[in-house]
Amino acid sequence: MANNTSSKKRIEVAERNRLRNRTYKSALRTLMKRCFTACSAYSQTPGEDAKTAVQTTMNAAFSKIDKAVKVGVLHRNTGANQKSRISAAVKQVIEPAAAVQA
């Protein structure tokens with residue numbers, strides 16, 4: 001247990017930051033999963049509605065990743081890696097011939 005007021009405050013701040021980080025990471029994982037499921041749905045039944053769903057989910061995931069990096073929840077390289085994973089999956093689904101050649 002903390003002995004002085006500054007250490008008690010640090011414990012409270014750390015708990016607050018932990019909860020904030022947890023919500024960011026959870027939302028981030030959810031948005032990434034939505035994007036990957038939208039990609040698989042588009043590959044099953046391609047169409048304009050499915051393509052717009054892929055684009056909107058990708059944009060939402062990119063936005064959340066950028067915000068998480070800005071706030072300090074994620075390291076910038078981790079954010080870049082996740083954005084790369086998403087964009088590679090989207091590119092493979094939308095332009096399969098170009099992805100094979102590259």
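1. Arg18 comes out as partly exposed because its relative accessibility is 42%; the cut-offs are under 20% relative accessible area for buried, over 50% for exposed, and partly exposed in between, with a 1.4 Å probe and protein chains only. Its salt-bridge partner is Glu15, with the closest N and O atoms 2.8 Å apart. For a salt bridge, a side-chain nitrogen of Lys or Arg has to be within 4 Å of a carboxyl oxygen of Asp or Glu. Glu15 is partly exposed as well, at a relative accessible area of 36%. Both Arg18 and Glu15 belong to helix H1, three residues apart, or about one turn of the helix.

2. Before going further, a word on the source. This is a predicted model, where local features need pLDDT of at least 70 and side-chain atom pairs count only at pLDDT 80 or more, while totals for chains, interfaces and linings use all residues. Residues are numbered from 1 along each chain as its sequence is written, and side-chain values use heavy atoms, with hydrogens and water left out.

3. How many salt bridges does the structure hold? There are two. Asp66 has 39% relative accessibility and so counts as partly exposed. Lys83, with a relative accessible area of 24%, is also partly exposed.

4. Now the overall layout. The protein has four helices and zero strands, running α-α-α-α from the N terminus on. The elements are DSSP runs numbered from the N terminus: H or I with at least four residues for helices, E with at least two for strands.

5. On overall dimensions, the radius of gyration is 19 Å, whereas a compact globule of 102 residues would have one near 13 Å. That radius is taken over C-alpha atoms, and the globule rule is 2.2 Å times the number of residues to the power 0.38. Along the principal axes, the C-alpha atoms fill a box of roughly 65 × 25 × 20 Å.

6. H1 has 40 residues and reaches 59 Å from first to last C-alpha, close to the 58 Å expected at 1.5 Å a residue. The expected span is 1.5 Å times one less than the number of residues. Its buried residues are Val13, Tyr24, Leu28, Leu31, Met32, Cys35, Ala38, Cys39 and Tyr42, and they pack against H2 and H3.

7. Cys35 is buried at 0% relative accessible area, and Cys39 is buried at 3% relative accessibility.

8. H2 covers residues 48-71, and its 24 residues should span 34 Å at 1.5 Å a residue; the end C-alpha atoms are 35 Å apart, which agrees. Buried in H2 are Ala50, Val54, Thr57, Met58, Ala61, Ile65 and Ala68. Their cover includes helix H1 (5-44) and helix H3 (76-94). After H2 comes Gly72, with a positive phi near 105°.

9. At 0% relative accessibility, Ala61 counts as buried. Which residues does Ala61 touch, not counting those up to four places away in sequence? They are Leu28, Leu31 and Ile86, where contact means heavy atoms within 4.5 Å. The C-alpha atoms of Ala61 and Arg34 are separated by 8.7 Å, although the two are 27 residues apart along the chain.

10. Finally, the totals. Of the 102 residues, 25% count as buried. Among contacts with a separation of 6 or more, 62% come from residues 24 or more positions apart. The accessible surface is about 7,200 Å², with 52% of it belonging to carbon and sulfur atoms; areas come from the Shrake-Rupley method with a 1.4 Å probe, and for residues only the protein chains shown count as cover.
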